[in-house]
Amino acid sequence: VLNSMEQMVVLLDHEARVIIGNGRGAELLNLPPALVDAGGSLRESMRHMYRRGDFGFEQTEEEVVEGRVAAVLSGRPLT
């Protein structure tokens with residue numbers, strides 16, 4: 001079912017590691033598959049995106065990465 005979805009779907013553990021996903025993140029976010037497949041890390045995905053300039057450089061890498069990971073793990077709806 002997950003693989004038939006067009007959206008990126010991932011289930012993360014408490015350390016923001018991918019437990020299961022449908023692999024769409026690699027295509028949709030232009031990320032290496034290893035970052036979004038089982039065992040991948042949300043933190044490493046955010047670092048990759050930060051380093052290529054996706055978030056600008058007004059904040060430090062750590063501020064962006066930890067802020068985004070905290071937002072995802074908070075359980076609040078995100079868009």
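Author: The side chains of Arg 52 and Asp 54 meet in a salt bridge, with 3.0 Å from N to O, where a salt bridge means a side-chain nitrogen of Lys or Arg within 4 Å of a carboxyl oxygen of Asp or Glu. Arg 52 is partly exposed at 35% relative accessibility, and Asp 54 is likewise partly exposed at 39%; here buried means under 20% relative accessible area, exposed means over 50%, and partly exposed lies in between, with a 1.4 Å probe and protein chains only. Elsewhere, salt bridges that share partners join Glu 44, Arg 47, Arg 51, Glu 61 and Glu 62 into one network.

This is a predicted model, in which local features need pLDDT of at least 70 and side-chain atom pairs count only at pLDDT 80 or more, while totals for chains, interfaces and linings use all residues. Residues are numbered from 1 along each chain as its sequence is written, and side-chain values use heavy atoms, leaving out hydrogens and water.

Arg 47 and Glu 61 are both buried, with Arg 47 at 13% relative accessibility. Arg 47 also meets Glu 62 in a salt bridge of 2.5 Å, N to O, and because Glu 62 belongs to helix 4 while Arg 47 sits in helix 3, this pair ties together parts that are 15 residues apart in sequence. Glu 62, however, is partly exposed, at 40% relative accessibility. In general, side chains of opposite charge can pair when their charged atoms come close.

Turning to helix 3 itself, its buried residues are Leu 42, Ser 45, Met 46, Arg 47, Met 49 and Tyr 50, and what covers them includes strand 1 (10-12), helix 2 and helix 4. At the start of helix 3, a side-chain oxygen of Ser 41 reaches to within 3.2 Å of the backbone nitrogen of Arg 43. After helix 3 comes Gly 53, whose phi is positive, near 95°.

How values were computed. Helix = DSSP H or I, 4+ residues; strand = E, 2+ residues; numbered from the N terminus. Contact = heavy atoms within 4.5 Å. Polar contact = N/O pair within 3.5 Å; in protein donor to acceptor, adjacent residues only side chain to side chain.
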